[in-house]
Amino acid sequence: MSFNDGMSFSDASSTVGDAKTSSLPAPIYRHAAPSGPWPWVDFDIDFPSSGSDILSNHDGENKWIGYPQALFGNWTSTPVARSNMMPRNAQKKPCIVYGIQVKDDGEFEQPLDPINVASDATAQEFWSKLNQVEKVRVRALFVDNLTVPVLKMLGTRYKIEPFFFSSSRNWIPSRYQEEVQHGQGDHITVILPFIRTTGKKNDTNITSSPSSLDAKSIQRKNTIDVLAPLHVHGNLESLCINICLSLFIGEHVLLIDLLAVHMIRETASSTIITYHPSLPGRTTAERLHQVMDRAGKSVYWNKIFKASRDPTFFFLAILWYALYAWDEAFEKLYMRIKHLEGILNDSDLTHTADLNHGLHSLQAHLLHYETLLHDFEKSVAFVRDTPNPAMESSNDKTNTEDLMRRECKNLLSEVDRLQKKCRMFISRLKNATELAFATVNIQDTQATLRDSAAMKQISYLTMVFLPASFTASVFGMNVAEINPGSLETIARYVEVTFLLTFATTWLVIALQPYSSIHKSGGGVWRRAAWPAFYLYRKCMEYFGQNSSRENNISRPGWRGGRSSTMKSKNVV
């Protein structure tokens with residue numbers, strides 16, 4: 001068995017995603033959990049039967065080679081290839097596993113030395129360590145740069161559903177419980193995308209530099225991709241200097257990170273495995289290992305670990321890392337929105353189109369962040385509502401349940417605060433967008449008023465020259481009364497002018513399908529006869545009003561009522 005076997009089904013990158021834009025794939029939720037009976041199957045594609053793959057029997061030290069089909073028969077080579085769960089590292093980086101062990105009394109042991117799995121010999125050594133029985137409450141394994149052999153070893157040793165690896169590799173939010181055995185334990189999985197911020201200076205591979213952006217790419221309105229990193233600016237001056245570049249380059253970058261945690265809860269010793277995508281700017285296994293080692297030194301959490309033997313509290317502490325990341329990202333986002341509002345309040349809006357595109361892009365990202373926070377809330381609720389079956393016969397079961405409800409309530413309260421903050425950001429952006437449109441409308445109105453003033457001046461100028469033009473036209477007429485010897489007269493001029501005016505008016509009104517003169521929807525012949533219908537309607541209105549007035553006068557009591565009113569006035 002070669003160390004690099006089994007990598008023919010994967011892509012060239014170490015994780016699924018667009019390497020040029022750092023964009024992530026859209027999650028395929030139907031392939032997220034074991035509840036789906038057809039893993040990574042589309043009904044419009046013919047798949048071979050489950051028995052088409054021939055598996056060789058591997059016993060002893062190499063029994064992990066047949067994973068996943070050796071343990072899960074429906075995971076044949078085809079769904080394994082389509083799910084892209086078998087990673088491939090183009091740079092041949094070694095897999096490094098960091099470890100933390102929590103003793104039975106709740107104390108954290110000294111951090112274990114990282115295990116570098118880079119060859120066949122180290123792979124066998126790692127497999128031997130996985131099978132060692134440790135007398136600890138929790139053993140956490142943080143896996144960096146996951147390779148195929150390490151994946152198969154972990155999956156075989158702990159009987160992990162392949163959905164954990166496929167959902168992690170494809171960034172599919174999911175949470176589920178499996179292998180439930182009352183009084184003994186279970187498996188729980190939480191795959192949680194979250195938002196974190198990173199500096200552009202520290203992560204130069206996240207985006208292109210300003211010099212690499214040509215003028216056409218800056219002026220072009222790119223499609224809004226909420227799965228791509230969002231650049232946030234640090235100061236207002238740089239944002240005002242070059243607003244076009246500011247839409248693409250920022251001092252801080254908000255990107256989607258991933259917490260992929262699988263926990264095997266057992267009565268004797270529990271194990272936690274975390275997967276970390278090998279994309280720029282994402283949380284590494286070394287980073288999470290350091291953070292969780294510091295959590296063990298926390299006075300508050302150390303008391304919890306000592307008060308309850310439930311290993312799920314270690315799982316819950318990992319979720320707090322995502323909350324801290326969210327909070328830091330929203331701090332940068334608050335400054336970004338504040339700066340945008342400052343620019344919109346400026347009277348000079350020469351780049352209004354770019355600002356509007358930036359506002360809509362930011363609002364689209366916030367709407368996506370709102371869905372991610374909802375997934376965060378459901379993940380915490382899942383941990384709260386999924387008690388450890390291994391604690392059913394424990395003496396401190398009641399105390400553990402109370403502690404779990406309290407800590408989940410604290411975390412859910414913080415998540416609710418973030419959700420309200422996100423909705424506040426969306427409202428502020430909507431208000432800023434309306435302000436931008438209102439400012440543009442005000443400027444357009446002012447321009448229209450200036451044009452109206454100019455037209456009014458032209459009208460005044462025309463009015464000055466109109467009498468003179470009329471006088472010149474009259475004295476230039478070839479009529480006998482003005483120019484003796486002419487054949488035409490003023491009477492003839494009036495007749496021709498009246499006929500032409502009438503013909504022009506008739507033609508214009510007849511050709512209009514909608515007019516106040518004739519009814520809308522009339523045919524061509526009815527519109528052509530509009531003068532007759534118009535005069536008829538006016539006559540009917542006139543005679544109708546006169547007849548109604550005569551009826552009122554001839555009505556009995558009308559005069560009497562009027563005379564009685566006059567009499568009452570005289571009496572008064």
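**Salt bridges, strands and a buried serine**

Reader: Which residue forms a salt bridge with Glu414?
Author: The closest N and O atoms of the Glu414 pair are 2.8 Å apart. A salt bridge is a side-chain nitrogen of Lys or Arg within 4 Å of a carboxyl oxygen of Asp or Glu. The partner of Glu414 is Arg417.

Reader: What kind of model is this, and which pLDDT do local features need?
Author: Residues are numbered from 1 along each chain as its sequence is written, and side-chain values use heavy atoms, without hydrogens or water. This is a predicted model: totals for chains, interfaces and linings use all residues, side-chain atom pairs count only at pLDDT 80 or more, and local features need pLDDT of at least 70.

Reader: In which helix do Glu414 and Arg417 both lie?
Author: Helices (H or I, at least four residues) and strands (E, at least two) are DSSP runs, numbered from the N terminus. Glu414 and Arg417 sit three residues apart, about one turn of the helix. Both belong to residues 397–475, helix H12.

Reader: How many residues apart are Lys420 and Asp416 in helix H12?
Author: Their side chains meet in a salt bridge (3.4 Å, N to O). About one helical turn separates Lys420 from Asp416, because their spacing in H12 is four residues.

Reader: Is Asp186 buried or exposed?
Author: Buried means under 20% relative accessible area, exposed over 50%, and partly exposed in between (1.4 Å probe, protein chains only). Asp186 has 1% relative accessibility. So Asp186 counts as buried.

Reader: How many residues apart in sequence are the parts that Arg265 and Asp186 tie together?
Author: The side chains of Arg265 and Asp186 form a salt bridge of 2.8 Å, N to O. Arg265 lies in strand E7 and Asp186 in strand E5, so the parts tied together are apart in sequence by 79 residues.

Reader: How many bridges join E5 to strand E7?
Author: Two strands pair if DSSP finds at least two bridges between them. E5 covers residues 185–199, and E7 covers residues 252–266. Leu192 has Leu259 in E7 as its bridge partner. The two strands run antiparallel, and the count is 15 bridges.

Reader: Which residue in the turn between E4 and E5 has a positive phi?
Author: Strand E4 (residues 174–181) pairs with E5 in the antiparallel sense over six bridges. The two form a hairpin with three residues between them. At about 85 degrees, the positive phi belongs to Gly183.

Reader: Which side chain joins that of Ser166 in a polar contact of 3.4 Å?
Author: A polar contact is a pair of N or O atoms within 3.5 Å; within protein, one must be able to donate a hydrogen and the other to accept it, and residues adjacent in sequence count only if both atoms are side-chain atoms. Ser166 lies in helix H4 (residues 162–169) and is buried at 0% relative accessible area. A polar atom of its side chain lies 3.2 Å from the backbone oxygen of Phe163. The side chain at 3.4 Å is that of Trp40.

Reader: How many disulfides does a search of the whole structure find?
Author: A disulfide is a pair of cysteine sulfur atoms within 2.5 Å. Cys95 is buried at 0% relative accessible area, and Cys408 is buried at 0% too. The disulfide count for the whole structure is zero.
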